[in-house]
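Dear colleague,

Please find below the structure that I am handing over to you, followed by a summary of what was found in it. I would be grateful if you read the notes with the model open beside them.

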Amino acid sequence: MAYKALYRQFRPRRFGDLKGQELITRILRNQIIQNEPAHAYIFSGPRGTGKTSTAKIFAAALNCENPENGEPCLKCQNCIAALNDSMIDIIEMDAASNNGVDNARDIRDKAGLLPTRGRYKVYIIDEVHMLTGPAFNALLKTIEEPPEHVVFILATTELDAVPKTVLSRCLRFDFKFIDRKLVIERMKEVLRTTGMTADDDALWDIADASEGAMRDALTMLEKCCAFGVNIDSDIVASVLGRASNIALRGFMDCYSRYDERGSILKLREILASGIESGPLAVQLTDILEKILVSVVTGEENAWSGYKDEFSKERLIRSMDIISDAQSKMRYVSRPDAVLEGAVLKTMIPMNDEKALSGGLIETIRRLEKKISELERNGLKAAPETAEEIPVRQEKRPQNKKGSPAQEVSEDAGREGEFFTYLTKELIKKDKSYAPFFSRLELIREDSSQIAVRCDNPMFRNFLSLKADDLNREMDQKFGRHKLITISSANEEKLSPTDEIVIID
Ligand SMILES: Nc1ncnc2c1ncn2[C@@H]1O[C@H](COP(=O)(O)OP(=O)(O)OP(=O)(O)O)[C@@H](O)[C@H]1O
Ligand SMILES: [Mg+2]
Ligand SMILES: [Zn+2]
């Protein structure tokens with residue numbers, strides 16, 4: 001027996017087998033029950049959603065000797081002939097290859113003859129939009145007023161290409177894309193009869209890729225069946241020319257950690273395995289979107305494991321950048337380079353103010369996560385509030401020597417400001433200070449004292465001459481001055497006095 005594609009083996013034979021077109025099948029069944037069919041129908045809608053199948057079932061039911069609740073019985077002579085596509089009163093014509101006026105005239109002339117075996121002569125004209133203008137004209141009269149025993153069923157994916165004059169003479173049914181859940185249900189029915197199994201993830205991937213066209217779904221399923229007894233999402237990925245989940249997870253592990261090198265290496269591995277950058281960009285955007293949904297709603301999905309690694313802001317921004325890159329890919333000679341660039345761009349810290357806060361939040365999140373990990377591993381986290389910081393009890397020395405640099409003093413936060421002023425601000429004011437101050441090295445600065453080192457004796461001399469000026473400057477700037485001690489490199493001890501002391 002000739003090979004029959006899976007979708008043809010599993011063509012629905014009864015209205016009950018059709019998925020997702022309930023409204024249409026209910027009306028058609030009622031017309032069978034009441035024996036009141038219309039004289040012409042037009043079935044429009046997307047590819048592979050059941051138009052031809054419905055036309056065949058309806059034609060069989062119209063000629064069935066014992067219809068059951070509007071369904072063909074599938075047992076009588078006429079039903080069996082219809083199942084074998086050999087029922088003489090059901091005439092199927094593919095308008096894509098028989099689109100001329102002669103074909104239309106032939107139909108018109110033979111329609112007048114009575115049916116041979118059944119009650120109705122049923123003409124199923126598939127792809128009717130392909131008929132030429134004269135062919136439509138030749139059919140028009142017959143469609144408008146066919147003999148009592150004739151029913152026309154026209155099917156098309158392009159309703160707009162069918163002349164209004166034809167449309168207005170037909171009862172119209174619009175077929176819709178089929179709900180993914182129903183596509184999966186049908187695939188499971190098919191698998192059950194073939195003895196194969198599939199992971200739910202894999203079936204979802206197929207249903208998504210089919211966009212709700214059942215024939216596409218069954219064709220993909222058939223290709224997957226060639227790979228083994230159980231279909232998983234990696235099999236689906238390779239059939240669809242997509243990156244496998246294992247490869248994508250490898251990438252996402254690096255990407256979520258801001259590991260630029262690792263991310264690019266993983267991305268290149270995927271591209272080198274033959275995946276094109278366009279579909280890969282779509283897959284990456286899908287993953288980021290799934291994580292985003294999980295971040296926003298808490299919903300569990302295949303990628304929600306990454307939700308703690310990403311902020312909403314980072315996800316939205318990354319999706320934007322990758323989608324932008326995807327639209328550019330069509331016009332460049334190296335689309336994979338565009339994708340790599342886009343991925344790296346998404347990893348650059350955000351620089352606008354709002355995004356920056358997103359970046360900081362990101363960093364804080366990661367640090368928090370690290371801390372809780374450390375805590376889980378038995379390490380104590382650093383105190384967070386001022387009350388938790390143990391305050392040293394010793395009094396701050398008043399202009400006495402050796403005030404310890406690590407002491408927590410009331411103006412600890414301002415430590416270093418005098419020195420900064422000396423070495424930066426003063427130079428800005430007067431460039432001639434530059435050679436002297438830029439060579440200073442801070443040993444320590446606390447609330448009462450600055451200890452600096454200056455190795456060049458000439459510079460030390462200069463500082464001593466400037467001491468009064470400097471104190472005045474600092475008084476003006478900070479409302480007080482500090483004791484400045486200047487040492488040379490080999491100076492062990494500082495001997496501060498109440499005055500500026502230059503140690504030679
Ligand atoms: N609603 C459905 N329920 C179950 N199976 C379906 C359905 N629609 C399509 N199929 C499956 O897809 C195959 C093709 O369907 P059918 O020929 O009826 O689609 P169509 O709408 O006529 O598509 P086209 O516009 O491409 O001709 C069927 O053999 C069947 O296996
Ligand atoms: Mg069809
Ligand atoms: Zn029957």
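This is a predicted model: local features need pLDDT of at least 70, side-chain atom pairs count only at pLDDT 80 or more; totals for chains, interfaces and linings use all residues.

Alanine 59 deserves a separate entry. Leaving aside its neighbours within four places in sequence, alanine 59 is in contact with Ala82, Ile90, Val122, Ile124 and Ile153.

**Helix H3**

Helix H3 covers residues 51-63, 13 residues in total. From its first C-alpha to its last it reaches 19 Å, close to the 18 Å expected at 1.5 Å a residue. Of the 13 residues of H3, 12 are buried, so that the helix is mostly covered. The buried set consists of Lys51, Ser53, Thr54, Ala55, Lys56, Ile57, Phe58, Ala59, Ala60, Ala61, Leu62 and Asn63.

Serine 53 lies in helix H3. It counts as buried because 23 other C-beta atoms lie within 10 Å, where 20 or more are required. Not counting residues up to four places away in sequence, serine 53 touches Arg11, Pro12 and Leu18. Its C-alpha atom is separated by 9.0 Å from that of phenylalanine 15, a residue 38 places away along the chain.

Ligand 1 is surrounded by 23 residues, and Arg11, Gly50, Thr52, Ser53 and Met214 are the closest. Helix H1 (6-9), H3 and helix H10 (214-225) are the elements that give two or more residues to this shell. By class, the shell is made up of 8 nonpolar, 8 polar and 7 charged residues. Domain 1 (6-174) and domain 2 (180-240) each supply at least three residues to the shell around ligand 1.

**Two residues with positive phi**

Aspartate 85 has a positive phi of about 55°, although it is not a glycine. This residue lies in the loop between H4 and E2. Is aspartate 85 buried or exposed? It counts as exposed because it has 9 C-beta neighbours inside 10 Å, and the limit for that class is 12 or fewer.

Tyrosine 258, likewise not a glycine, has a positive phi of about 60°. It is found in the loop between helix H12 (245-256) and helix H13 (260-272). With 17 other C-beta atoms within 10 Å, tyrosine 258 is partly exposed.

**The chain as a whole**

The protein chain has 504 residues, and 33% of them count as buried. Its secondary structure comes to 20 helices and 11 strands. Among contacts between residues at least 6 apart in sequence, 67% join residues at least 24 apart.

With kind regards

Conventions
Residues are numbered from 1 along each chain as its sequence is written. Chains are lettered from A and ligands numbered from 1 in the order in which they are written. Helices (H or I, at least four residues) and strands (E, at least two) are DSSP runs, numbered from the N terminus. The expected span of a helix is 1.5 Å times one less than its number of residues. A residue is near a molecule or strand if its C-beta atom, placed from the backbone, lies within 6 Å of it. Ala, Val, Leu, Ile, Met, Phe, Trp, Tyr, Cys and Pro count as nonpolar, Asp, Glu, Lys and Arg as charged, and the others, Gly among them, as polar. Domain bounds come from an automatic or database domain assignment. Two residues are in contact if their C-beta atoms, placed from the backbone, lie within 7 Å.
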